[in-house]
Amino acid sequence: MADEIDFTTGDAGASSTYPMQCSALRKNGFVVLKGRPCKIVEMSTSKTGKHGHAKVHLVGIDIFTGKKYEDICPSTHNMDVPNIKRNDYQLICIQDGYLSLLTETGEVREDLKLPEGELGKEIEGKYNAGEDVQVSLNYSEG
Amino acid sequence: MMAAALGPPEVIAQLENAAKVLMGRERTVAVGASSPVGAVALVRKGGPGARKRHHLPWLTLSSASMLSIYSYHLGSQNHHLQFASIFWCLVSSPETSKVDYVLFQAATAIMEAVVREWILLEKGSIESLRTFLLTYVLQRPHLQKYVREQILLAVAVIVKRGSLDKSIDCKSIFHEVSQLISSGNPTVQTLACSILTALLSEFSSSSKTSNIGLSMEFHGNCKRVFQEEDLRQIFLLTVEVLQEFSRREHLSAQMSSVFQRYLALANHVLSWNFLPPNLGRHYIAMFESSQNVLLKPTESWREALLDSRVMELFFTVHRKIREDSDMAQDSLQCLAQLASLHGPVFPDEGAQVDYLAHFIEGLLGTINGIEIEDSEAVGISSIISNLITVFPRNVLTAIPRELFSSFVNCLTHLTCSFGRSAALEEVLDKDDMVYMEAYDRLLESWLTLVQDDKHFHKGFFTQHAVQVFNSYIQCHLAAPDGTRNLTANGVASREEEEISELQEDDRDQFSDQLASVGMLGRIAAEHCIPLLTSLLEERVTRLHGQLQRQQQQQLLASPTSGSADSKTLDDLYEDIHWLILVTGYLLADDTQGETPLIPPEIMEYSIKHSSEVDINTTLQILGSPGEKASSIPGYNRTDSVIRLLSAILRVSEVESRAIRADLTHLLSPQMGKDIVWFLKRWAKTYLLVDEKLYDQISVPFSTAFGADTEGSQWIVGYLLQKVLSNLSVCSSEQGLADDTVQLLVTLVERRERANLVIQCENWWNLAKQFASRSPPLNFLSSPVQRTLMKALVLGGFAHMDTETKQQYWTEVLQPLQQRFLRVINQENFPQTCQQEEVKQEITATLEALCGIAEATQVDNVAILFNFLMDFLTNCIGLMEVYKNTPETVNLIIEVFVEVAHKQICYLGESKAMNLYEACLTLLQVYSKNNLGRQRIDVTAEEEQYQDLLLIMELLTNLLSKEFIDFSDTDEVFRGQEPGPAASRSVSAADVVLYGVNLILPLMSQDLLKFPTLCNQYYKLITFICEIFPEKIPQLPEDLFKSLMYSLELGMTSMSSEVCQLCLEALTPLAEQCAKAQETDAPLFLATRHFLKLVFDMLVLQKHSTEMTTAAGEAFYTLVCLHQAEYSELVETLLSSQQDPVIYQRLADAFNKLTASSTPPALDRKQKMAFLKSLEEFMANVGGLLCVK
């Protein structure tokens, strides 16, 4: 039985965002809000006065800290979108609170901590029960 | 229990004693040393012992609620006790405020008990109980209101129940009441009014009626008897009281409150929903729920209602109290009801004419020359609206001419004045928009009035229409032409409020008003069309000038003059906004599905003037939207309708030019929406006008917009240009983009128009641009992209030569396929698939596929289906790649849902099988990827289960082929088939059952808490049971069990809607068992269990009456299947009855129930007979075992 577990982490260093017109952003997509890479969880539009132009109200969740950020901007403006990458790994073992993960190219990564809280417990539980565990990681560059 | 041994006569004797004690008593004896619990314990004991205990002052609220629980539980077993105990309670409660609640509960319990024990009680005792209750209330004027009303309700219920077996005569009650009224004592008169109100509510058989466990038929019969005699009696009593009051000069506060109550009672009577003599049981429920009741009494009311003094009385009453807003509401409502009088009450048309004339005189006499109060507006508008809707035109025109024209003048005056007040309300942002409501109603009345040209000569209403139209325009234009946003003292108010995207557009919010005003505009076309044209043309010029000014300021980089300029622009935009909306509603109708016709008034208007019109100048005006209309020589000799259209094209042109000049930020997206909305509405009706549909056609129209004319070719080109211009800038304005692509769809959805469209170069540019997925089109939101794709596909079915067609599809569809294949066939696709640009590419393709499916029509399904099928296979591969990206997975499933939804009904056997196979594979992949997947998100919301919902939708769509099927054995695919359909490998049932296999384990009870998921799920499983009952026994054991469990759960703990679905699923299942005759099959055993469930549901539990039919059908089929078990159930139930009387009653009822269908057999006639007996059964003993 394969269990999919998602969690997110970040690579510091290389800066990589690209601009996108605010109205082209989509729910479940990503955007930089207040300097943080966020997953968009809510998007709504409004206008000031009947003949005003659309403004977009964005609510995003920081993909690393889970903190909520909000912003409102004219829908014609450009927003920064973080480059998010996502990798799937096979969990090989857990040692001293660190995960050993097998990449798709056959290499092993051991620099990731077992996450705290429910998610960590669940990974550990499944691992101890001898189940196959897949781990998905989201990266944001920058 | 001591009292258990007492028979009914003893109990009654006891009650009478108790009543005597009560009536004669004023002694209060306090008994000490007992807790509230003790008090309840005493209540429980009941019987003679208790009677001696006298008062228990500590019988507090908690014991009151215990009492109600107690009476609830005891209902079926020791019902004799109940009377005694309740009475004891009533008797023993001291008159402190704390016991009000106990009294209230006691009255409720009495009411329920009397109904339940009715046939066991002696009629005399019931009679004395009723007298006792009335006396009780009479003697205690200071009872809390709610207690008094509840006791009176009990009296009313007794009277109503008694009317069934004629044991109780209403007459005596009326006698008592009229004595009370004549007492002159306000308190007593109020009480009399309460009695009458209670009777009225009880007999009205509406939602106000108490639930006494009797059939709708009983309620209906009671109501019919009541409305013939007693209701009229009440009305006459009420009228007498009102007459008495209206004669008095001064009313004390107390008197005035009594007056108000009787007025409300009169309203109650006049709003009575008279039940026609022969109305089936099913219609009764529907009938009673109707909202707007008109007064249609039976013939016997003639004398009472046609007496002109009655009508006059209500006018007099209103004049007297009109300043009291509460009472005025009632008096106006009474008048509105009288204004709706119709039916057999009128002996002939003459009587109706007299009545109407008299009424209008009274009305005009009341409202002419007075300042109407705010609180009167709605009432007066309902009176007028009722008069106009209810009285036939020939009656309306038969009243004296003078009178009728004063009436119409008065209506005109009121409409204009309410319109102005409504505008004021908007400026002040009032919560309660009374004038708006009144205005709406009057405008609606106009619509009914003017749409009849048989009874009124042409032009009869023109002058009035002009007035109402002018005042509407005036209220919606800014100063100096209009009064928009001006407060009463002429001060302009302007507020910039935040408007959310959910706010309805004016054209929808005010659609009714606009439709009426548009209609009035057509009637007065001579005046209104030129008016709109000049208002628009003048504003276009101003808008153009203002935009140029602001552009120059920008170029000079002068400090932004700011708010003054933006106010000027906003005012212009708002003016143009309303002018476009009115023009749109005036020139064309909005029809769904059918071809809208040019309104006859407009056609006639154009024809009438066509001799004075210069066609060439008209075409010139139309074809030069960039120039001022008045700059064209001879501009006054143009067709006015075309000139009005060209005025809007001029607005549109100013907008397009501003976009080209990079002034988009100064434009109003709202006005942009209005323009394309108008053009769409106009194009549907006028573009390529089909001359066959009209008796006569205006030459200017056919020259300018007819088939094969330069005019129409030019307009199509212009509209397409407009669409492109909008789409290039409006990716940031969702609403504008939506309306724009809708215009595009309109242009191509009819073949004739599409033929012109595809001749335009711009169309091909659009197709190429969209296929290349480059900005700006790829920035459009996904619904807009879908619709755009739909339009492009529809356009492809226009008439083209083969070569062109080939080229078109190469431009439109092939790139889609190529790009898609290029992406997914890349070697490293599994690695790159999560890259944003790859994902966007994939998403855009999937959206486009949905759009293609949406474009399906009967004549293109063959091509589209084959095209889409290729993709579907690839999409399944994508499921694998994107298994961890739910939004993409959902979109893939959505493609399948759309294809199934739009195409399955046209597919022949073999094509359908292809689709089934694809769906099956999709489900298999989905299942593999989701097995063991846990959704650990604690904040799970419904939308996270979108995939489940989509899959259920897909399955339901596949099933729908079983009842909606237009396919003609692959007719549309002729020539593509290798021969007769290959052997059937996959059927709908296979896919659906596989899908259910997949869905069932995932549909946990938690998920069923989400209403949409729950409903979709039960809809699906009911469909399956109905369509493939033979497949159910073949299900794997686990699946079978969970399906049965789902059904049970649905019947026992879900909404009544779901319960009904489950009951509907049971009948085919039981029939399936009967066919199979395998008595050890799991389904057979399961149906046995359901028999018990349905039995309990019908016999023991409270359930809504509308469920009885579904439950009854299921029940009968189950009984046929399990006759022995059914007898056993009945036996068990009977043997648990200790009371011989109850036992007998139940046994008789059960015998009767199956008498008509012994032995029960699955045959329609017997089933119907059973259902009928079941209804009787429910009425007879339904309330006996079911305690409410």
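This is a predicted model: local features need pLDDT of at least 70, side-chain atom pairs count only at pLDDT 80 or more; totals for chains, interfaces and linings use all residues.
The largest of them comprises 384 residues, and B:Phe314, B:Trp763, B:Leu915 and B:Leu1063 are the members with the most contacts inside it. For B:Leu915, once residues up to four places away in sequence are set aside, the partners are B:Phe865, B:Met869, B:Leu872, B:Val899, B:Ala900, B:Ile904, B:Leu907 and B:Leu958. Apart from this core there is a second, separate one of 14 residues, which includes A:Met20, A:Leu25, A:Leu58 and A:Met79. As a general point, nonpolar side chains in soluble globular proteins tend to be buried together.

Several partners of B:Leu915, among them B:Phe865, B:Leu872 and B:Val899, turn up again in a pair of helices, where B:Phe865 and B:Leu872 of H42(B) and B:Val899 of H43(B) belong to the contact. Helix H42 spans residues 861-881 of chain B and helix H43 spans residues 886-903 of chain B; their axes come within 10 Å and cross at roughly 155 degrees. Since angles over 145 degrees count as roughly antiparallel, H42(B) and H43(B) are therefore roughly antiparallel to each other. The crossing of H42(B) past H43(B) is left-handed. On the H42(B) side, the contact also includes B:Val861, B:Leu864, B:Leu868, B:Cys875, B:Ile876, B:Leu878 and B:Met879, which meet residues of H43(B) including B:Val889, B:Ile892, B:Phe896 and B:Gln903. By class, this contact has 15 nonpolar residues, 1 polar residue and no charged ones.

A further helix pair in chain B is formed by H23 (residues 462-476) and H27 (residues 563-587), which pack at an angle of about 150 degrees with their axes 9 Å apart. H23(B) and H27(B) are therefore also roughly antiparallel to each other. Here B:Phe469, B:Tyr472, B:Ile473 and B:His476 from H23(B) meet B:Asp575, B:Trp578, B:Leu579, B:Val582 and B:Leu586 from H27(B). The contact of H23(B) with H27(B) divides into 7 nonpolar, 1 polar and 1 charged residues.

Two individual residues complete the picture. B:Thr638 sits in the loop between helix H29 (615-623) and helix H30 (640-660) of chain B. With a relative accessible area of 8%, B:Thr638 is buried, and beyond its neighbours within four places in sequence it is in contact with B:Val613, B:Thr617, B:Thr618, B:Ile621 and B:Arg643. B:Glu149, by contrast, is partly exposed, at a relative accessible area of 31%. B:Glu149 belongs to helix H8 (residues 145-164) of chain B. Its C-alpha lies 9.4 Å from that of B:Val137, and B:Glu149 and B:Val137 are 12 residues apart in sequence.

Key:
Residues are numbered from 1 along each chain as its sequence is written. Chains are lettered from A and ligands numbered from 1 in the order in which they are written. Side-chain values use heavy atoms; hydrogens and water are left out. A nonpolar core is a set of buried Ala, Val, Leu, Ile, Met, Phe, Trp, Tyr and Cys residues joined through side-chain atoms within 4.5 Å. Buried means under 20% relative accessible area, exposed over 50%, partly exposed in between (1.4 Å probe, protein chains only). Contact means heavy atoms within 4.5 Å. Axes are lines fitted to C-alpha atoms, for helices over the stretch in contact, and angles run from 0 to 180 degrees between N-to-C directions. Helices (H or I, at least four residues) and strands (E, at least two) are DSSP runs, numbered from the N terminus. Angles under 35 degrees count as roughly parallel, over 145 as roughly antiparallel, 65 to 115 as roughly perpendicular and the rest as oblique. Ala, Val, Leu, Ile, Met, Phe, Trp, Tyr, Cys and Pro count as nonpolar, Asp, Glu, Lys and Arg as charged, and the others, Gly among them, as polar. A crossing is left-handed if the near helix is turned anticlockwise from the far one by less than a right angle, and right-handed if clockwise.
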